[in-house]
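Here is a briefing on one protein model. Have the sequence and the structure open as you read.

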Amino acid sequence: MKRLPKIDRLLKELSENIFISLPDSVGLQFRRAQPEEPIDEIDAVFDWQSVHQDLVWGEPESYFWFAADIVVPEAAAGLRLVLFVDAAFGDTMGRSDPQCLVRVDGRVVQAVDGNHRYALLSPAAAAGDRYRVTIEAGTIEDRRQLGFKLRLAIHDRAVEALYFDIKVPVDVARLLKPDDPRALAILNHAEAALGALDLRPGNPARFQASLATASAETDRIYALAGDPAMPTIIAAGHTHIDVAWLWRTRETRRKMSRSMATALALLDEYPDYHFMYNQCLLFEWLAEDHPELMARIHDKVKAGQFEIEGALWLEPDINLVSGESLVRQIVRGVHYHEATFGVRPRLLWLPDTFGYGASLPQLMKLSGVETFVTHKLSWNDTNRMPFDTFFWQGIDGTRVPASFVTTQTYEYDGFETTYCANLRASHVLGTWKRHAGKAHQSELFMIYGHGDGGGGPTREMVETIKRFERGIPGAPKVKQGALGPYFHDLAERMLQPPATFPTWVGELYFECHRGTLTSVGKIKRDNRKAEIRLREIELLAVLAMRVGARYPTDEINQLWRIVLINQFHDILPGSSVGSVYDDADCDFASFDALAEDLESRLGAILSSGALVLNASHRPRGGLVVGPERAHAQAIHRADGTMEWLSPVGPVAGSSVGCPRPSETTGSESVEVALDRLENAILSVRFDAKGRITSLFDKRTRRELIPDGELANRIVAHRDIPVEFDAWNIDAHFEDKTWEVEDLIRAEVIETGLYRAAIRFEWRYERSRIVEVVSLIAGSDRLELDVFIDWHEHKTLLKLGVPLAVATDESRAEVHFGHVRRPTHANTSWDQARFETLMHRWIDLSDGDVGLAVLNDCKYGYDARDNRLRITLLKSPVYPWPNADQGEHRFRLALMPHRGFATDAGRIVEAAEDFNMPLRWLGRAIPQVGEIEIEPPFALDGDGIEVTTVKKADDDDGIIIRLYEKRGRRAEAIVSTPLASAATVDLLEREPVPLSIVDGRLTLAFKPFEIKTLKLGA
């Protein structure tokens, strides 16, 4: 196709006539924005400086305002007049400094950035008209801007139309085979059209006349289309906006304003254009910052141009959040969409998160969400997912339709797709080429627009789509449309017999970004602690409501809002810049202050003295951390602090009680020396470097540590992934390792009534690692309380536990259940799963014995053969050079047991106790007498876990969420003093009444089934 260079050159010549710059200069003034200055108060006459050609401006995370008074020149009379912004635009994804919001006479018109360079001033200018233009210009990066100027240009839409009429089909032709007659026909007509143009300067009328002749020739190209066998692609514009990433949330508010202003400008100009957006949080911010833009969005939603779809409140990380947090993300998202837009979302739209837990299908079904959509697994570094459209079956057996975006460039032979296509002919043809299910599905969906904060679709993209709508020989048919109807119809077709779509069973493990399970450990710890505290606070609030208090809905919602924002898929995974975590620190400090105040007030309603809170549904007594008092033992934490441990009597499940002394006498002892800890259940031996040489379970008479091997062995690994530093752990991380064995101190620090402990301290390079290893009398758990003062970079730290068990699988807790994963590397899929996810526990068992490792804030682990390794730290340098530097606090526990088949329920209970122990509330001195707070329910039945007790959203009913935790069928009896009961969905709708007989109701559970009960008076 040697004609292509000539055609391309003539197209470039034609394109230079789309915008004709006017010679009139535009005088500019600027000023630096003051911190937190209201953005609508910029148009003052004072404090402005003149802009000169050598202006140097811009600072990290700063804003500047530019302003100009523009008079329309005679040359623009009656013509379409646009305003170009000429600046030193960068090309960093989602940043592209500067990013600007343009106002004309005070009205927000459009954003201007590296992808959108101009804004409309007038569709038909009148000479002499005056406009006041003000531009808010934000800079994120640490690089200075040289120059900033405005220029006026005439926008010739006829030239633009001809340009795209020729360019888009020519781009299709270059992708077809050289001997394809359709390609030859396209090029023939393109050459004829360009040949009809008269590009000689000096005679605009002559040039305009030649446009009509050329346009008639291009019509012949589109007349050749119409092959009924061609597939169809439904297309919609979109912009993926990261709530935080390489910028802070305060910048995201402005990104949302800019992106929506640009989307609205395109929607105004192109009545057939469809745009989709979905993150509720950003809509909330937009309504606060720019209510006029929000009002215009409402109008476009009603007109059917602007689609609201995607059930989640924002796009959270799915791996690391608790199951209850996922429920709240869905419920809050659905409620917001319904209340704000009158729209019921039906998609779980998660294009950019880093793996998908196998409880999601059940959560979707229980909240009325039909279809799961992503693209991210196309980034797998080892295996290509075999399906693009399929049924996804979760751990409980629930199946839902699932679909992967298949958009990629036609020339690319890999399998990495995109949800941020900058829409070229190559993307349209590539969407069909990449699709794996061509035999059963001839209609696909394509989403396009600059993402990650890049501002969404451009005018050029919409013009390209319009040409595909006309039909181009050799290309799929394209229609502009909406995601919701497309995927609803797809789901309906999938459910029709015969069953032609495949099924994927279990988790959708992401073979990439494995490091996000560990990077920036502090945010993961803060999230885990906050999720647990919210569960406790909601229970306290229900108990207070039972004695007549007002349920603090607004305050609890405020706490949840802090947690849910910081679960965004580049905040919680640890893949953002450092200032994002400065903001998160402030958020969680606010959370703690509000939670402390709310707990205090709720506790005062329930008792004038001290309380012990039992947030578990199981009656519990035992040791509790509280004030110094009689029979209390001082215990030592690894960070050097001390607490008091004392026994208390049983407290009813889901209730509070007095801190009554328990019947514990302290007669059971724990033997301790520098090389051993031993109680009636466990015997533990240590070597001279603090590593465990023996862990013997006296109940089963089994040694858990293989002969000659060591547990509690800490090893540092060189961690220099090929790319995506904070995100990735590469398989070669074990190429270079260093054992942490410089033990600088070991001492017995506790020999008390209830607990004995040894303190070990190691040095590694510039860092310090401290463990307090403790054993409680009568306990089957060996606790490792760990403090690390870390000052290393590009280092992965793991703690290993080899086990004398014969098994080929591990079990790890995930949302609302657990998953089994092979510990061998038989297949490429097994080999790729070399770092994966746990929540509160991970277990290796054979038929007789096993060991569960519990944790209070860690998520990454690996299991190969009989070896477990918990990932403690990852210290990347990009995008935050100081990630994971400084102090870390966390706890682990080694829990031998009689095998998972026997002790599965006990493991889950122990993990709950480890993460959510009895809590002492209120003053140190107990009140006189008993308190009588009747819990709203009691649960009797093995294998059932309660995840939340809260007030119903719409009335004073009480919501209890339960699930089966062992992966078996189970039955439970709920006793309640309340008069009515029903099962409801996650939205607390669709009630199915239950019969209460003598204050009891019976529930049957399938494996891993989630049930939500609503109890009422």
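Predicted model: local features only at pLDDT ≥ 70, side-chain atom pairs only at ≥ 80, totals over all residues.

Helix α8 spans residues 323-341.

**Helix α8 and its neighbours**

- Angles from 65 to 115 degrees count as roughly perpendicular, so α8 and α14 are roughly perpendicular to each other.
- On the α8 side, the contact uses Ser-325, Arg-328, Gln-329 and Arg-332. On the α14 side, Asn-557, Trp-560, Arg-561 and Leu-564 meet them.
- That α8–α14 contact is made up of two nonpolar, three polar and three charged residues.
- From α7 come Met-294, Ile-297, His-298 and Val-301. They meet Tyr-336, Thr-340 and Phe-341 of α8.
- The α7–α8 contact has five nonpolar residues, two polar ones and no charged ones.

**Salt bridges**

- Side chains of opposite charge can pair when their charged atoms come close.
- Which residue meets Glu-324 in a salt bridge? The partner is Arg-961, at 2.7 Å from N to O.
- This pair links distant parts of the chain. Glu-324 sits in helix α8, while Arg-961 sits in strand β51 (residues 958-964). They are 637 residues apart.
- Are Glu-324 and Arg-961 buried or exposed? Both are buried.
- Asp-585 and Lys-522 form another salt bridge, with an N to O distance of 2.8 Å.
- Asp-585 belongs to helix α15 (residues 578-606) and Lys-522 to helix α13 (residues 521-546), so this bridge ties together parts that are 63 residues apart in sequence.
- Asp-585 counts as partly exposed because its relative accessibility is 31%. Lys-522 is partly exposed too, with a relative accessible area of 31%.
- Asp-687 pairs with Arg-691, and their closest N and O atoms are 3.0 Å apart. Both of these residues are buried.
- One network joins Lys-529, Arg-637, Glu-643, Glu-783, Asp-856 and Arg-891 through salt bridges that share partners.

**The five-strand sheet**

- This open sheet has the strand order β28-β29-β30-β31-β32. Its pairing is antiparallel.
- Which strands stand at the edges? They are β28 (671-673) and β32 (702-703), each pairing on one side only.
- Three bridges connect β28 to β29 (residues 676-678) in the antiparallel sense. Glu-671 lies opposite Glu-678 of β29.

**The three-strand sheet**

- Another open sheet has its three strands in the order β24-β26-β25, with antiparallel pairing.
- Strands β24 (620-626) and β25 (633-636) are at the edges. Each has a single partner strand, so one side of each lacks a neighbour in the sheet.
- On average, neighbouring strands of this sheet are turned by 40 degrees against each other, direction ignored.
- β24 and β26 (residues 642-651) run antiparallel and are joined by six bridges.
- Gly-622 faces a residue of β26: it stands opposite Val-648.

Conventions:
Residues numbered from 1 in each chain as written. Heavy atoms only, no water. Axes fitted to C-alpha atoms, helices over the stretch in contact; angles between N-to-C directions. Helix = DSSP H or I, 4+ residues; strand = E, 2+ residues; numbered from the N terminus. Parallel < 35°, antiparallel > 145°, perpendicular 65-115°, else oblique. Contact = heavy atoms within 4.5 Å. Nonpolar A, V, L, I, M, F, W, Y, C, P; charged D, E, K, R; others polar. Salt bridge = Lys/Arg side-chain N within 4 Å of Asp/Glu carboxyl O. Buried < 20%, exposed > 50% of the residue type's maximum accessible area, 1.4 Å probe, protein only. Pairing = 2+ DSSP bridges.
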